[in-house]
Amino acid sequence: MARGEEKQPEIQIDDLRPKETIAGYRATWKEYGVVTYAELLPIDDIPVRGFMLECEYSTATGRAAGPRQKELGPTLVTHIRKRMVEAMRSAGWKEIGGQTGTRKSIWQHSSQITQGQRDQHEHVSVTLDDFTLPPLIATGKNRYYQSGAIQGDVQAVIAFWPAHDQAHPDAYHLLSGIDCYPLAGEPLAQEQEKRANTVLDGLRFQVLAALAAAGWRVCKQVAGGEDLWRSVAVGERSIPNEQGISGLDTQQQQQATVTPAQDEDFQVLTVCGGRHIATYNRTIVKRSITYACSCCGQPATRAMYPGPTPLYCDDCGKEVTRKQTRERVARLRSLKAEREAKSE
């Protein structure tokens, strides 16, 4: 090898076409004694639920990584993740959502996406803030409002924050943005950006309607065409109640409280407040939902609290669990047999 010539990394990526087994897919990147892995694995060994991409690195010798390898490892992990995602998209894999409680995306091959997952990818979930709440909270500081909309792997956010305008110190303005869902730290693809902007337009329409219905009015238009908003009730000052929440009298608090019927199954959750939101209690009630089983396709009904829609009916769910257990046991036995054969 000529002096100064750099050794090229060894990169291998599995065939990413769908398989008829629960096996996953792997990509490896070997360079300077560091081996990085990007593995696309089925969630809970059930491919129909989707796949998640896990990345890590180790040394080629299996020994503890040295200072140089520890510094290089995370960089190579970023490289292999990017290379794997590019290969997945080219092979027809799509992001169909995100795992609850994490920022990890859930992937599925376009040929394997169920109708339920397709509907979830096309459905837009909108969360509007309560603009009827007064702009001043119990401490006398400004309230910060924020609304969002999610469609599959993209999201749009509109914040309604104080404008800090000298002529109108109580005025608010709108701030908006789009991004991946869940946040991935990567720029949106052209198709994603187009879809996210469409979601943002729909969200803006709903926010403007909600502001008008809550008594907010445009009080000024500044340079660039930006509107400043002011609440018609901004002069009213509310006395904090016993729970420290301002803006609601006793009658309004009673109306805002969900009171389940005596025969309904419910839970009361305590939601911790943030910087601009007081802690409050939320009552959730079980409701009967009807959905299509992704295995047999038959409609199923189940009483459940708010949350993700189940994938299977009761019968198919039991069968899938049994199948998953059999395959896991078979895989463990195969690994045990391989280890025993190597030790002989």
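1. Of the contacts in the protein chain with a separation of 6 or more, 44% join residues 24 or more positions apart (contact: heavy atoms within 4.5 Å).

2. Basis. This is a predicted model, in which local features need pLDDT of at least 70, side-chain atom pairs count only at pLDDT 80 or more, and totals for chains, interfaces and linings use all residues. Residues are numbered from 1 along each chain as its sequence is written, and side-chain values use heavy atoms, with hydrogens and water left out.

3. Overall make-up. The protein chain has five helices and 16 strands (DSSP runs, numbered from the N terminus: helices are H or I, at least four residues; strands are E, at least two). Buried residues are 30% of the 344 (buried: under 20% relative accessible area; exposed: over 50%; partly exposed: in between; 1.4 Å probe, protein chains only).

4. Aromatic pairs. There are twelve (ring centres of Phe, Tyr and Trp, the last by its six-membered ring, within 6.5 Å; planes under 30 degrees apart are stacked, over 60 edge-to-face, the rest tilted). Phe131 and Tyr145 make a tilted pair, at 5.5 Å centre to centre and 40 degrees between the planes. Phe131 sits in the loop between S7 and strand S8 (145-151) and Tyr145 in S8, so the pair ties together parts 14 residues apart in sequence. Both residues are buried.

5. A second pair. Relative accessible area is 0% for Tyr172 and 2% for Trp216.

6. The cluster. Phe131, Tyr145, Phe160, Tyr172 and Trp216 form one aromatic cluster.
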